[in-house]
Amino acid sequence: MARGGFPGGFGGGNMQQLARQAQKLQQQMTKMQEELEAKEYEASAGGGMVTVKVSGKKEVLSIEIKPEAVDPDDVEMLQDMVLAAVNEALRTANDTTEREMSKLTGGLNMPGLF
C-alpha cells in the first residue's frame, strides 16, 4: 500500500486537491443546472399548427393551437399534434441538459445528478 494508506499513491495533499476539484466541479454543475432550468425550449407539430414551450425544469409553459387546427370532427388529430409537440419539446430540453452537463463531467454518467 502506498504512503497515506491509499492505493496508487494518493497522499493527503492529493486528496485535498481532489476534494477541491470535486467542489469546483459541483459548483460548475450547480451553476449550469440553474442556467439550463432557466432556458425555454419550443417544438411544433402538424406543420406549425400546434406549438409548445417548456422550461428547462420540464414544465409546460404554453401551448399555442392555430384555429385551423381545430376540427370538431377530428379531435383525435389535434390531441396527437399536442402530444407530439409536448414530447418533442421535453425531449429537446432533456437532450440539451444531458449534453451540457456531460461537457462538465467528461461524459461520465452520474445518475441522479440531473
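This is a short tour of the structure, one selection at a time.

**Before you start.** The model is predicted: local features need pLDDT of at least 70, side-chain atom pairs count only at pLDDT 80 or more, and totals for chains, interfaces and linings use all residues. Residues are numbered from 1 along each chain as its sequence is written, and side-chain values use heavy atoms, with hydrogens and water left out.

**Whole chain.** Show the protein chain as a cartoon. Look for 2 helices and 3 strands. Helices (H or I, at least four residues) and strands (E, at least two) are DSSP runs, numbered from the N terminus. Along the sequence the pattern reads α-β-β-β-α. The chain has 114 residues, and 25% of them are buried. Buried means under 20% relative accessible area, exposed over 50%, and partly exposed in between (1.4 Å probe, protein chains only). Now switch to a surface. The protein chain exposes about 7900 Å², with 52% supplied by carbon and sulfur atoms. Such areas come from the Shrake-Rupley method with a 1.4 Å probe; for residues, only the protein chains shown count as cover.

**Helix H2.** Select residues 75-105. These 31 residues should span 45 Å at 1.5 Å a residue, and the end C-alpha atoms are 45 Å apart, which agrees. The expected span is 1.5 Å times one less than the number of residues. Next, color the buried residues of H2, among them Leu78, Val82, Ala89, Glu100 and Met101. Then step past the helix to Gly106, whose phi is positive, near 70 degrees.

**The loop between E2 and E3.** Select Lys58. Lys58 sits between strand E2 (50-55) and strand E3 (60-65). Its phi is positive, about 65 degrees, although Lys58 is not a glycine. Most residues other than glycine have a negative phi. Lys58 counts as partly exposed because its relative accessibility is 36%.

Move to Glu59, in the loop between E2 and E3. Glu59 is partly exposed too, at 45% relative accessibility. Leaving out residues up to four places away in sequence, Glu59 touches Lys53 and Val54. Contact means heavy atoms within 4.5 Å.

**A nonpolar patch.** Finish with Val60, Ile63, Ile65 and Val70, which make a nonpolar surface patch of about 320 Å². Patch residues have over 30% relative accessible area and no salt bridge; like charges are joined within 9 Å, nonpolar side chains (Val, Leu, Ile, Met, Phe, Trp, Tyr) within 5 Å. A salt bridge is a side-chain nitrogen of Lys or Arg within 4 Å of a carboxyl oxygen of Asp or Glu. Ile63 lies in strand E3.
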